[in-house]
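Me: I have a new structure open and would like to learn how to read it. Could you walk me through it step by step?

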Amino acid sequence: MSPLNSPTTAEEPWPVRTVARKIADWIHRLGSIWVEGQVTQVSARSGASTAFITLRDPSADVSLTLTCPAKLLRGMDPPLTDGSRVVVHGKPSFYVARGTLSLRVDEIRAVGVGELLARIERLRRLLKGEGLFDTERKRPLPFLPTRVGLITGRDSAAEHDVLSNARLRWPAVRFEVRNVVVQGSTAVPQILEVLSELDNDPNVDVIVIARGGGSVEDLLPFSDETLCRAVAACTTPVVSAVGHEPDSPLLDHVADVRSSTPTGAGKRIVPDVAEQSQQVGQLRERARRALRGWVDREQRVLDSLRTRPSIADPHAPLQRRAEKVDALRQRSRRAVLAVLTGEQHELAATRSRLTALGPAATLARGYAIVQRVEDAGPSVLHSTEQVAPGSHLRIRLTDGAVHAVVTDDE
C-alpha cells in the first residue's frame, strides 16, 4: 500500500509535515527521465550554488521548474537563454519546506539547428503521409470576404503589411485583428486560442496567420504539430504568411493558401478594386457590342423579311390564289356540264333505240303482233295494237276466220 493511502480521520488527521514527507518519499522513489522543452526563464544569482530554470511545453500551456547546479549553467557554450530548446536529464524532487515539485537535472543538452530541422522533417513526412498536405482538401478563398481574421504580432511589420496592402486594393475590407506572441514558448498556445475563436466566428470568411522573417528557432512555433493539426481542422480557409520566400514552415503546407510574405497575403485575400472596375467596364463594353451586334443582325433579318413579296404586298398572293380558285371552279363547271351533256346524248340514243325496238314502231311500219290463245273452246288468236294515236287494231281468229276491227280507245 502506498504511504499516501494510509487511513486518516477528521479526529486523527495528519500534520502538514507528515503529508509533505510522505509525498517526498513517494516522489524520490521515481527514476530519472529525459525531458524536452523550451526554456522560458533562467534564474542564476551570482554566488548561488543552485540555478532555477522554467521549462515549458511549446505546444501546451504547461511548464515545469528545473533546479541544477549553477556551475552546470556557467559551463554551457553557448550560454542557455530564454527560448532555447533543450533536452535535460533529471529526477523528480519534492522540496518539503515549500511543498514544491521540481526536476533536479544533472545534464542539459541544447537542441541544435540540425536536430530541429531533422525533427521538422520527420514531422513533415508524418503529416504528409496522413494527407494534411493534399491539394484536394484545400479550400478556395472567397472572392470578397465579409471579414478577415488576422493573427499576428502586436504592432508588427507583418500586421502593417497585411492591413495596408489589403486596404489599398479594397478600401472597404474589414479585419478582426488578434495580436499574439509569434515566437517563444507561449506562441503556440496563444495562436491556438485565437485561431479557435476566429474559426467559430460566422462573420469571418478567411483567416491570415502572419509573421515576418526570422531564424529557424524563431519560426519553430509555425512548425508545431498541434498548430498544424488545428489549422487542418479549421472550417474557415486559412492563409499562411510566415517569414520570407526561402522560409517554409510546416504551416505553409497545411494551410489552404500559402503566401510567401505578409505583403503577398494582403494582396491575395481581396481583389483589386481598380482592376475589378476595369474588368466591369470591359464586360459592359463587350455586352454593349454584343447587344448592338445582335440588334443589327435582327434588323437585317427584319429588313430582308420586309422586302419579300409576301410581306411587301400581302394581297397579291391572295389575289393569285383567288384567280386560281376561279379558274379551277370554271374548269370543274365545264367538266360537269360536259359529263351531263354526254349522259343526255347517251340517254337520248338509248331512248331512240328503245323506241325503234318497241311494238308501236313495228305497227307503224305496217306489221302486226298476233297472239294465239288456246283454251277449251275453239282456237282464237287475239292481237291488240295501237295503230294510231287514240285507236287500236283488234284482230280475232275464230275457226279459221280472221276478224280485224279498228276501235277507238273509248
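This is a predicted model: local features need pLDDT of at least 70, side-chain atom pairs count only at pLDDT 80 or more; totals for chains, interfaces and linings use all residues.

**Reading the model together**

Me: In which sense do β4 and β5 pair, parallel or antiparallel?

Reply: They are antiparallel: β4 (residues 85–95) and β5 (residues 100–110) pair over 10 bridges. To see one place in this pairing, find Val 86, which stands opposite Ala 110 in β5. On to β1, residues 33–43, which pairs with β4 over six bridges, again in the antiparallel sense. There, Val 35 stands opposite Val 88 in β4.

Me: What joins β1 to β2?

Reply: Five bridges do, and the two strands run antiparallel, with β2 covering residues 50–56. Val 42 has Ile 53 of β2 opposite. Follow the chain between these strands and you will find a hairpin with six residues between β1 and β2. Gly 47, in the turn, has a positive phi of about 85°.

Me: What is the strand order in the open sheet?

Reply: This sheet has five strands in the order β7-β6-β8-β9-β10, and the pairing is parallel. At the edges stand β7 (175–179) and β10 (257–258), each with a single partner strand, so one side of each has no neighbour in the sheet. Helix α4, residues 157–169, packs on the sheet and touches β6 (148–152), β7 and β8. The direction of α4 makes about 175° with that of β7.

Me: Over how many bridges do β8 and β9 pair?

Reply: Five bridges, in the parallel sense, link β8 (residues 206–211) and β9 (residues 238–242). Among the residues to look for is Ala 210, whose bridge partner in β9 is Ala 241.

Me: And how are two packed helices described?

Reply: They are described by the angle between their axes and the distance between those axes. In this model, α5 (residues 187–199) and α6 (residues 225–233) pack at about 10°, with axes 10 Å apart. That angle makes α5 roughly parallel to α6, because angles under 35 degrees count as roughly parallel.

Me: Which residues of α5 and α6 meet?

Reply: From α5 come Val 188, Ile 191, Leu 192 and Leu 195, and they meet Thr 226, Leu 227, Ala 230 and Val 231 of α6. By type, the contact residues divide into seven nonpolar, one polar and no charged.

Terms used
Residues are numbered from 1 along each chain as its sequence is written. Side-chain values use heavy atoms; hydrogens and water are left out. Two strands pair if DSSP finds at least two bridges between them. Helices (H or I, at least four residues) and strands (E, at least two) are DSSP runs, numbered from the N terminus. Axes are lines fitted to C-alpha atoms, for helices over the stretch in contact, and angles run from 0 to 180 degrees between N-to-C directions. Angles under 35 degrees count as roughly parallel, over 145 as roughly antiparallel, 65 to 115 as roughly perpendicular and the rest as oblique. Contact means heavy atoms within 4.5 Å. Ala, Val, Leu, Ile, Met, Phe, Trp, Tyr, Cys and Pro count as nonpolar, Asp, Glu, Lys and Arg as charged, and the others, Gly among them, as polar.
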